[in-house]
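Keep the sequence and the 3D view at hand as you read.

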Amino acid sequence: MQFEHIAGVGTRLWRWSRTSGTQPRLLHAAKAAVAAVLAWFIARHVPGVAAEYPYYAPLGAVVAMQTTVFAGIRSGVQTLVGIGLGIVVAGFTMWVGDPGFLAIALAVGIGVLVGGFRVLGEGSSWVSTAALFVLLVGGAHAEGYSLGYLVQMAVGVVVGLLVNFLVFPPLHFWDAEHRIDAVNQVLADHLDGLAVVLEDGTRDERAWDRQQDRLDRAIADVRSRVSIAHESRRLNPRGALRGSRARLEQDGARFRALERVAWYTTDLTELVARSGPVSDGLGRPAPEFAAPLASALREIACVIRGECDQAAGDEAIAVVERALDASRENPSHVAVTSAALVSLRGIVESERRATADLDTRTGPFGAERPRG
(Lines give C-alpha, C1' and ligand atoms only; values in the text may rest on other atoms or scores of the structure.)
Protein backbone atom coordinates (compact mmCIF):
# COMPACT_ATOMS: atom_id res chain seq x y z
CA MET A 1 0.00 0.00 0.00
CA GLN A 2 2.81 2.40 0.89
CA PHE A 3 4.59 1.54 -2.34
CA GLU A 4 1.43 2.30 -4.36
CA HIS A 5 1.13 5.67 -2.58
CA ILE A 6 4.74 6.54 -3.38
CA ALA A 7 4.26 5.42 -6.98
CA GLY A 8 1.14 7.59 -7.25
CA VAL A 9 2.98 10.63 -5.91
CA GLY A 10 5.83 9.96 -8.34
CA THR A 11 3.38 9.75 -11.26
CA ARG A 12 1.74 13.04 -10.28
CA LEU A 13 5.11 14.74 -9.93
CA TRP A 14 6.16 13.41 -13.34
CA ARG A 15 2.99 14.73 -14.98
CA TRP A 16 3.34 18.07 -13.20
CA SER A 17 6.92 18.42 -14.39
CA ARG A 18 5.75 17.80 -17.98
CA THR A 19 2.77 20.14 -17.68
CA SER A 20 4.74 22.99 -16.10
CA GLY A 21 7.61 22.67 -18.55
CA THR A 22 10.07 21.78 -15.78
CA GLN A 23 11.43 18.70 -17.55
CA PRO A 24 12.50 20.40 -20.80
CA ARG A 25 13.91 23.37 -18.86
CA LEU A 26 15.99 21.10 -16.63
CA LEU A 27 17.28 19.16 -19.63
CA HIS A 28 18.04 22.38 -21.49
CA ALA A 29 19.90 23.80 -18.48
CA ALA A 30 21.94 20.61 -18.03
CA LYS A 31 22.91 20.54 -21.71
CA ALA A 32 23.87 24.22 -21.64
CA ALA A 33 26.06 23.62 -18.58
CA VAL A 34 27.77 20.62 -20.22
CA ALA A 35 28.30 22.56 -23.45
CA ALA A 36 29.84 25.52 -21.59
CA VAL A 37 32.26 23.27 -19.71
CA LEU A 38 33.29 21.42 -22.87
CA ALA A 39 33.74 24.69 -24.73
CA TRP A 40 35.93 26.06 -21.91
CA PHE A 41 38.07 22.91 -21.93
CA ILE A 42 38.54 22.96 -25.71
CA ALA A 43 39.13 26.73 -25.81
CA ARG A 44 42.17 26.44 -23.55
CA HIS A 45 43.81 24.15 -26.11
CA VAL A 46 43.15 26.26 -29.20
CA PRO A 47 46.48 27.18 -30.81
CA GLY A 48 47.66 30.70 -31.48
CA VAL A 49 46.56 34.00 -30.06
CA ALA A 50 42.98 32.74 -29.60
CA ALA A 51 44.14 30.70 -26.59
CA GLU A 52 44.47 33.99 -24.69
CA TYR A 53 40.71 34.53 -24.83
CA PRO A 54 39.13 31.20 -23.79
CA TYR A 55 36.33 32.86 -21.82
CA TYR A 56 34.40 33.63 -25.02
CA ALA A 57 33.92 29.96 -25.86
CA PRO A 58 31.38 29.22 -23.07
CA LEU A 59 29.50 32.33 -24.15
CA GLY A 60 29.30 30.99 -27.70
CA ALA A 61 28.03 27.65 -26.37
CA VAL A 62 25.23 29.38 -24.49
CA VAL A 63 24.31 31.41 -27.59
CA ALA A 64 23.94 28.21 -29.65
CA MET A 65 22.00 26.34 -26.96
CA GLN A 66 18.51 27.24 -28.18
CA THR A 67 15.19 25.46 -27.73
CA THR A 68 15.51 23.76 -31.13
CA VAL A 69 18.47 22.54 -33.18
CA PHE A 70 17.51 24.73 -36.12
CA ALA A 71 17.14 27.81 -33.90
CA GLY A 72 20.58 27.11 -32.44
CA ILE A 73 22.16 27.01 -35.90
CA ARG A 74 20.38 30.20 -36.90
CA SER A 75 21.34 31.98 -33.70
CA GLY A 76 24.95 30.83 -33.85
CA VAL A 77 25.48 31.85 -37.47
CA GLN A 78 23.75 35.21 -36.98
CA THR A 79 25.83 35.91 -33.87
CA LEU A 80 29.12 35.14 -35.63
CA VAL A 81 28.12 37.31 -38.59
CA GLY A 82 27.19 40.11 -36.20
CA ILE A 83 30.54 39.85 -34.41
CA GLY A 84 32.40 39.83 -37.72
CA LEU A 85 30.59 42.99 -38.82
CA GLY A 86 31.30 44.56 -35.44
CA ILE A 87 35.01 43.91 -35.89
CA VAL A 88 34.85 45.60 -39.29
CA VAL A 89 33.06 48.59 -37.76
CA ALA A 90 35.68 48.80 -35.02
CA GLY A 91 38.45 48.73 -37.62
CA PHE A 92 36.85 51.64 -39.43
CA THR A 93 36.43 53.71 -36.27
CA MET A 94 40.03 53.01 -35.22
CA TRP A 95 41.11 54.39 -38.57
CA VAL A 96 39.55 57.68 -37.44
CA GLY A 97 41.87 57.85 -34.44
CA ASP A 98 42.61 56.42 -30.98
CA PRO A 99 39.65 55.14 -28.96
CA GLY A 100 37.88 58.13 -27.53
CA PHE A 101 34.56 59.87 -27.52
CA LEU A 102 34.36 60.14 -31.31
CA ALA A 103 35.44 56.56 -31.95
CA ILE A 104 32.98 55.18 -29.40
CA ALA A 105 30.15 57.28 -30.81
CA LEU A 106 30.92 56.14 -34.34
CA ALA A 107 31.21 52.49 -33.31
CA VAL A 108 27.86 52.49 -31.55
CA GLY A 109 26.10 54.59 -34.18
CA ILE A 110 27.34 52.62 -37.17
CA GLY A 111 26.88 49.34 -35.29
CA VAL A 112 23.25 50.11 -34.55
CA LEU A 113 22.64 51.15 -38.16
CA VAL A 114 24.23 48.00 -39.54
CA GLY A 115 22.46 45.85 -36.96
CA GLY A 116 19.13 47.24 -38.13
CA PHE A 117 19.06 44.83 -41.07
CA ARG A 118 16.46 42.19 -40.24
CA VAL A 119 18.47 39.45 -41.93
CA LEU A 120 20.94 39.60 -39.03
CA GLY A 121 18.29 38.45 -36.59
CA GLU A 122 19.85 37.80 -33.18
CA GLY A 123 23.21 38.96 -34.50
CA SER A 124 21.98 42.56 -34.74
CA SER A 125 22.81 43.46 -31.15
CA TRP A 126 26.26 41.87 -31.46
CA VAL A 127 27.45 44.35 -34.09
CA SER A 128 27.73 47.35 -31.76
CA THR A 129 28.70 45.12 -28.82
CA ALA A 130 31.61 43.54 -30.70
CA ALA A 131 32.73 46.93 -32.01
CA LEU A 132 32.87 48.31 -28.46
CA PHE A 133 34.71 45.24 -27.16
CA VAL A 134 37.36 45.55 -29.86
CA LEU A 135 37.79 49.26 -29.19
CA LEU A 136 37.77 49.26 -25.40
CA VAL A 137 39.00 45.78 -24.45
CA GLY A 138 41.25 45.01 -27.40
CA GLY A 139 42.79 48.47 -27.48
CA ALA A 140 46.38 48.34 -28.67
CA HIS A 141 46.04 44.59 -29.37
CA ALA A 142 42.84 44.91 -31.37
CA GLU A 143 43.92 42.58 -34.17
CA GLY A 144 44.83 39.67 -31.91
CA TYR A 145 41.81 40.30 -29.71
CA SER A 146 39.46 40.37 -32.69
CA LEU A 147 40.79 37.07 -33.99
CA GLY A 148 40.63 35.43 -30.57
CA TYR A 149 37.14 36.78 -29.92
CA LEU A 150 35.73 35.49 -33.19
CA VAL A 151 37.52 32.12 -33.09
CA GLN A 152 36.57 31.32 -29.51
CA MET A 153 32.95 32.33 -30.06
CA ALA A 154 32.94 30.02 -33.09
CA VAL A 155 34.40 27.19 -30.97
CA GLY A 156 31.64 27.67 -28.40
CA VAL A 157 28.92 27.81 -31.04
CA VAL A 158 30.11 24.57 -32.64
CA VAL A 159 30.28 22.80 -29.26
CA GLY A 160 26.83 24.05 -28.30
CA LEU A 161 25.33 22.89 -31.58
CA LEU A 162 26.91 19.45 -31.29
CA VAL A 163 25.65 18.96 -27.73
CA ASN A 164 22.15 20.11 -28.67
CA PHE A 165 22.15 17.85 -31.74
CA LEU A 166 23.57 14.72 -30.11
CA VAL A 167 22.07 14.79 -26.60
CA PHE A 168 18.27 14.37 -26.70
CA PRO A 169 17.66 16.96 -29.43
CA PRO A 170 14.41 18.64 -28.36
CA LEU A 171 11.07 17.93 -29.98
CA HIS A 172 8.28 20.16 -28.70
CA PHE A 173 5.24 18.17 -29.78
CA TRP A 174 3.93 17.57 -26.28
CA ASP A 175 4.18 21.23 -25.30
CA ALA A 176 2.14 22.30 -28.34
CA GLU A 177 -0.47 19.62 -27.67
CA HIS A 178 -0.77 20.61 -24.02
CA ARG A 179 -1.28 24.27 -24.97
CA ILE A 180 -3.94 23.27 -27.50
CA ASP A 181 -5.79 21.45 -24.73
CA ALA A 182 -5.48 24.52 -22.49
CA VAL A 183 -7.12 26.68 -25.18
CA ASN A 184 -10.08 24.30 -25.14
CA GLN A 185 -10.60 25.18 -21.48
CA VAL A 186 -10.44 28.93 -22.24
CA LEU A 187 -12.97 28.54 -25.07
CA ALA A 188 -15.30 26.48 -22.89
CA ASP A 189 -15.14 29.07 -20.08
CA HIS A 190 -15.91 31.79 -22.62
CA LEU A 191 -19.02 29.97 -23.85
CA ASP A 192 -20.19 29.34 -20.28
CA GLY A 193 -19.83 33.07 -19.64
CA LEU A 194 -22.00 33.83 -22.66
CA ALA A 195 -24.62 31.43 -21.32
CA VAL A 196 -24.70 33.36 -18.05
CA VAL A 197 -25.16 36.61 -19.99
CA LEU A 198 -28.16 35.15 -21.80
CA GLU A 199 -29.71 33.82 -18.61
CA ASP A 200 -29.21 36.98 -16.55
CA GLY A 201 -29.69 39.54 -19.30
CA THR A 202 -26.75 41.65 -18.01
CA ARG A 203 -23.51 42.62 -19.65
CA ASP A 204 -20.14 44.01 -18.62
CA GLU A 205 -18.09 45.49 -21.46
CA ARG A 206 -14.84 45.55 -19.47
CA ALA A 207 -15.25 41.95 -18.37
CA TRP A 208 -15.75 40.84 -21.97
CA ASP A 209 -12.76 42.85 -23.10
CA ARG A 210 -10.64 41.02 -20.51
CA GLN A 211 -12.09 37.65 -21.51
CA GLN A 212 -11.52 38.33 -25.19
CA ASP A 213 -7.95 39.41 -24.45
CA ARG A 214 -7.41 36.16 -22.56
CA LEU A 215 -8.69 34.18 -25.53
CA ASP A 216 -6.56 36.14 -28.01
CA ARG A 217 -3.43 35.62 -25.90
CA ALA A 218 -4.14 31.89 -25.58
CA ILE A 219 -4.50 31.53 -29.36
CA ALA A 220 -1.32 33.55 -29.97
CA ASP A 221 0.55 31.36 -27.47
CA VAL A 222 -0.59 28.16 -29.17
CA ARG A 223 0.35 29.56 -32.58
CA SER A 224 3.86 30.17 -31.25
CA ARG A 225 4.10 26.70 -29.66
CA VAL A 226 2.93 24.94 -32.83
CA SER A 227 5.47 26.94 -34.84
CA ILE A 228 8.22 25.89 -32.42
CA ALA A 229 7.08 22.26 -32.67
CA HIS A 230 7.40 22.41 -36.46
CA GLU A 231 10.81 24.06 -36.19
CA SER A 232 12.02 21.50 -33.64
CA ARG A 233 11.72 18.75 -36.27
CA ARG A 234 14.02 20.53 -38.75
CA LEU A 235 17.61 19.16 -38.80
CA ASN A 236 16.65 16.99 -35.83
CA PRO A 237 17.58 13.28 -35.97
CA ARG A 238 14.60 12.47 -33.76
CA GLY A 239 12.37 14.17 -36.31
CA ALA A 240 12.85 11.16 -38.59
CA LEU A 241 11.18 8.88 -36.05
CA ARG A 242 8.09 7.11 -37.25
CA GLY A 243 4.95 9.12 -36.72
CA SER A 244 6.58 12.49 -36.04
CA ARG A 245 5.46 13.97 -39.35
CA ALA A 246 1.91 12.71 -38.90
CA ARG A 247 1.86 14.05 -35.37
CA LEU A 248 2.94 17.51 -36.56
CA GLU A 249 0.28 17.52 -39.26
CA GLN A 250 -2.34 16.51 -36.72
CA ASP A 251 -1.29 19.25 -34.30
CA GLY A 252 -1.34 21.81 -37.10
CA ALA A 253 -4.82 20.71 -38.17
CA ARG A 254 -6.08 20.87 -34.59
CA PHE A 255 -4.71 24.37 -34.16
CA ARG A 256 -6.24 25.62 -37.40
CA ALA A 257 -9.58 24.19 -36.31
CA LEU A 258 -9.24 25.86 -32.90
CA GLU A 259 -8.51 29.17 -34.61
CA ARG A 260 -11.83 28.81 -36.41
CA VAL A 261 -13.54 27.95 -33.13
CA ALA A 262 -12.06 31.09 -31.57
CA TRP A 263 -13.20 33.18 -34.54
CA TYR A 264 -16.76 31.90 -34.31
CA THR A 265 -16.70 32.39 -30.53
CA THR A 266 -15.62 36.01 -30.96
CA ASP A 267 -18.40 36.54 -33.49
CA LEU A 268 -20.89 34.97 -31.10
CA THR A 269 -19.70 37.25 -28.32
CA GLU A 270 -20.40 40.30 -30.47
CA LEU A 271 -23.89 39.01 -31.22
CA VAL A 272 -24.87 37.95 -27.72
CA ALA A 273 -23.00 40.20 -25.31
CA ARG A 274 -22.28 43.42 -27.18
CA SER A 275 -24.75 44.22 -29.96
CA GLY A 276 -27.27 41.43 -29.81
CA PRO A 277 -29.95 40.02 -27.50
CA VAL A 278 -28.81 41.64 -24.25
CA SER A 279 -27.55 44.95 -25.66
CA ASP A 280 -29.21 48.22 -24.77
CA GLY A 281 -30.61 48.51 -28.28
CA LEU A 282 -32.53 45.26 -28.52
CA GLY A 283 -33.15 44.27 -24.93
CA ARG A 284 -33.38 40.77 -23.57
CA PRO A 285 -34.49 38.07 -26.02
CA ALA A 286 -37.72 36.22 -25.67
CA PRO A 287 -37.46 33.15 -23.38
CA GLU A 288 -37.98 30.74 -26.27
CA PHE A 289 -34.65 31.99 -27.69
CA ALA A 290 -32.63 32.82 -24.57
CA ALA A 291 -33.13 29.51 -22.80
CA PRO A 292 -32.21 27.19 -25.70
CA LEU A 293 -29.29 29.42 -26.70
CA ALA A 294 -27.89 29.35 -23.17
CA SER A 295 -28.39 25.58 -23.01
CA ALA A 296 -26.65 25.13 -26.37
CA LEU A 297 -23.69 27.22 -25.22
CA ARG A 298 -23.28 25.08 -22.09
CA GLU A 299 -23.55 21.82 -24.05
CA ILE A 300 -20.98 22.97 -26.62
CA ALA A 301 -18.66 24.09 -23.81
CA CYS A 302 -18.98 20.58 -22.37
CA VAL A 303 -18.12 19.09 -25.77
CA ILE A 304 -15.05 21.33 -26.12
CA ARG A 305 -13.81 20.25 -22.68
CA GLY A 306 -14.11 16.64 -23.83
CA GLU A 307 -16.68 15.80 -21.15
CA CYS A 308 -19.68 15.34 -23.48
CA ASP A 309 -20.26 13.51 -26.73
CA GLN A 310 -20.22 15.48 -29.99
CA ALA A 311 -23.86 14.57 -30.53
CA ALA A 312 -24.84 16.65 -27.49
CA GLY A 313 -23.79 19.83 -29.26
CA ASP A 314 -25.75 18.89 -32.39
CA GLU A 315 -28.87 18.18 -30.37
CA ALA A 316 -28.59 21.46 -28.45
CA ILE A 317 -28.33 23.38 -31.73
CA ALA A 318 -31.33 21.48 -33.08
CA VAL A 319 -33.39 22.73 -30.11
CA VAL A 320 -32.50 26.33 -30.99
CA GLU A 321 -33.37 25.69 -34.63
CA ARG A 322 -36.78 24.32 -33.67
CA ALA A 323 -37.43 27.37 -31.50
CA LEU A 324 -36.43 29.59 -34.40
CA ASP A 325 -38.68 27.70 -36.85
CA ALA A 326 -41.64 28.07 -34.47
CA SER A 327 -41.19 31.83 -34.10
CA ARG A 328 -43.20 34.34 -36.09
CA GLU A 329 -42.62 37.42 -33.92
CA ASN A 330 -39.87 40.00 -33.23
CA PRO A 331 -37.79 39.95 -36.44
CA SER A 332 -34.76 41.44 -34.68
CA HIS A 333 -34.57 38.48 -32.30
CA VAL A 334 -35.00 36.06 -35.19
CA ALA A 335 -32.15 37.68 -37.14
CA VAL A 336 -29.75 37.71 -34.19
CA THR A 337 -30.60 34.13 -33.25
CA SER A 338 -30.10 32.99 -36.85
CA ALA A 339 -26.66 34.59 -36.90
CA ALA A 340 -25.87 33.01 -33.53
CA LEU A 341 -26.86 29.62 -34.93
CA VAL A 342 -24.34 30.02 -37.75
CA SER A 343 -21.60 30.67 -35.19
CA LEU A 344 -22.72 27.77 -32.99
CA ARG A 345 -22.69 25.40 -35.94
CA GLY A 346 -19.26 26.70 -36.96
CA ILE A 347 -17.91 26.05 -33.45
CA VAL A 348 -19.25 22.48 -33.38
CA GLU A 349 -18.00 21.62 -36.89
CA SER A 350 -14.56 23.14 -36.26
CA GLU A 351 -14.24 21.30 -32.95
CA ARG A 352 -15.23 18.07 -34.71
CA ARG A 353 -12.43 18.62 -37.24
CA ALA A 354 -10.01 19.32 -34.42
CA THR A 355 -10.76 15.96 -32.82
CA ALA A 356 -11.59 13.83 -35.89
CA ASP A 357 -8.25 11.99 -35.94
CA LEU A 358 -7.85 11.57 -32.21
CA ASP A 359 -8.66 8.36 -30.39
CA THR A 360 -9.02 10.14 -27.03
CA ARG A 361 -10.79 13.23 -25.77
CA THR A 362 -9.24 16.60 -26.56
CA GLY A 363 -9.94 18.46 -23.35
CA PRO A 364 -7.52 18.89 -20.45
CA PHE A 365 -9.51 16.33 -18.48
CA GLY A 366 -9.30 13.70 -21.20
CA ALA A 367 -7.31 10.51 -21.04
CA GLU A 368 -3.56 10.77 -21.15
CA ARG A 369 -2.13 10.41 -24.66
CA PRO A 370 1.25 8.87 -25.36
CA ARG A 371 3.77 11.67 -25.46
CA GLY A 372 6.99 11.96 -27.33
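The bond runs between cysteine 302 and cysteine 308, with an S to S distance of 1.7 Å. Look along the S-S bond and you will find 75 degrees about it, which makes the link of cysteine 302 and cysteine 308 right-handed. Burial is judged by relative accessible area: under 20% is buried, over 50% exposed, and anything in between partly exposed (1.4 Å probe, protein chains only). Cysteine 302 is buried at 14%, while cysteine 308 is partly exposed at 26%.

A word on the ground rules. This is a predicted model, in which local features need pLDDT of at least 70 and side-chain atom pairs count only at pLDDT 80 or more, whereas totals for chains, interfaces and linings use all residues. Residues are numbered from 1 along each chain as its sequence is written, and side-chain values use heavy atoms, with hydrogens and water left out.

Now step back to the fold. The protein has 13 helices and 0 strands, taken as DSSP runs numbered from the N terminus (H or I of at least four residues for helices, E of at least two for strands). Among its 372 residues, 45% count as buried. If a contact means heavy atoms within 4.5 Å, then 79% of the contacts with a separation of 6 or more join residues 24 or more positions apart.

Next come the charged pairs. A salt bridge here is a side-chain nitrogen of Lys or Arg within 4 Å of a carboxyl oxygen of Asp or Glu, and the count comes to 7 salt bridges. Which residues does aspartate 189 meet? One partner is arginine 214, at 3.8 Å from N to O. Aspartate 189 sits in helix H8 (residues 173–200) and arginine 214 in helix H9 (residues 205–233), so the pair ties together parts 25 residues apart in sequence. Another partner is arginine 305, at 2.9 Å from N to O. That pair links distant parts of the chain, 116 residues apart, with arginine 305 in helix H11 (residues 287–305). Aspartate 189 is partly exposed at 26%, whereas arginine 305 is buried at 12%.

Helix H9 also takes part in a further pair: arginine 223 lies in helix H9 and glutamate 259 in helix H10 (residues 244–274). Arginine 223 is partly exposed at 40%, and so is glutamate 259 at 27%. Finally, salt bridges that share partners join Asp189, Asp192, Arg214, Arg298 and Arg305 into one network.

Notes. Disulfide = S-S within 2.5 Å.
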